[in-house]
Amino acid sequence: MINNKFNMTILSCSANESFARATVSAFASQLDPTIEEISDIKTAVSEAVTNAIVHAYNNGFGKIYISAELIEPNTIKIKIRDKGKGIENIEKAMEPLFTTVGGERAGLGFAVMMSFMDSVKVRSNLGKGTSVTLLKKISQRFNING
């Protein structure tokens, strides 16, 4: 069951990466996450959006579509999608240290996402784009005073 949802579209420029991270984490705050859980979400969103900026559009401009849903029980589902060039080999792309651009890129984007989220699913079609779906269950904290 969906308790709340939002959608947004941003241009694939690096300035929007921090905006996407802040927006998704603010939305997730409705679940009363710990600071560590918010940090995990911010990091995973940053990696997914950066992948779209750098790889999908080759640092050119395109649109990145972001949606987030608060679903039962206490889980956030985040989808980050582009209509860029797509990923030729998803399994290879998800291997730590694999990168198609070299330079300063470490090739750790998907590995980082997987380490911070409960689930990471990637779908891609060459020439049509990529969709990354992230799930994070938020721990339930109880107030001992009532």
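**View 1. Aspartate 32 counts as partly exposed, at 47% relative accessibility.** Here, partly exposed lies between buried, under 20% relative accessible area, and exposed, over 50% (1.4 Å probe, protein chains only). Aspartate 32 sits in the loop between α1 and α2. Its phi is positive, about 55°, although the residue is not a glycine. Most residues other than glycine have a negative phi. The model is predicted: local features need pLDDT of at least 70, side-chain atom pairs count only at pLDDT 80 or more, and totals for chains, interfaces and linings use all residues. Residues are numbered from 1 along each chain as its sequence is written, and side-chain values use heavy atoms, with hydrogens and water left out.

**View 2. The whole chain has four helices and five strands.** Helices (H or I, at least four residues) and strands (E, at least two) are DSSP runs, numbered from the N terminus. Along the sequence, the pattern reads β-α-α-β-β-α-α-β-β. The chain has 146 residues, and buried ones make up 44% of them. Take the contacts (heavy atoms within 4.5 Å) with a separation of 6 or more: residues 24 or more positions apart account for 65% of them.

**View 3. Helix α1 spans residues 15-28.** Asn16, Glu17, Ala20, Val24, Ser25, Phe27 and Ala28 are its buried residues. Seen down the axis of α1, they fall within an arc of 165°, so they line one face of the helix. The arc is taken from the directions from the helix axis to the C-beta atoms. An α-helix has 3.6 residues a turn, so residues three or four places apart point the same way. What do the buried residues of α1 pack against? Their partners are β1 (2-11), α2 (35-56), β2 and β3 (75-82).

**View 4. Glutamate 69 lies in strand β2 (residues 63-71).** Is glutamate 69 buried or exposed? It counts as buried because its relative accessibility is 14%. Leaving aside neighbours within four places in sequence, glutamate 69 contacts Ile2, Asn4, Lys5, Phe27, Thr75, Ile76 and Lys77. Phe27 is also one of the buried residues of α1.

**View 5. A cis peptide bond joins glutamate 72 and proline 73.** Omega is about -20° at this bond. Most peptide bonds are trans. Proline 73 is in the loop between β2 and β3. Asparagine 74 is found in the loop between β2 and β3 too. Asparagine 74 is not a glycine, yet has a positive phi of about 50°. With a relative accessible area of 22%, asparagine 74 is partly exposed.
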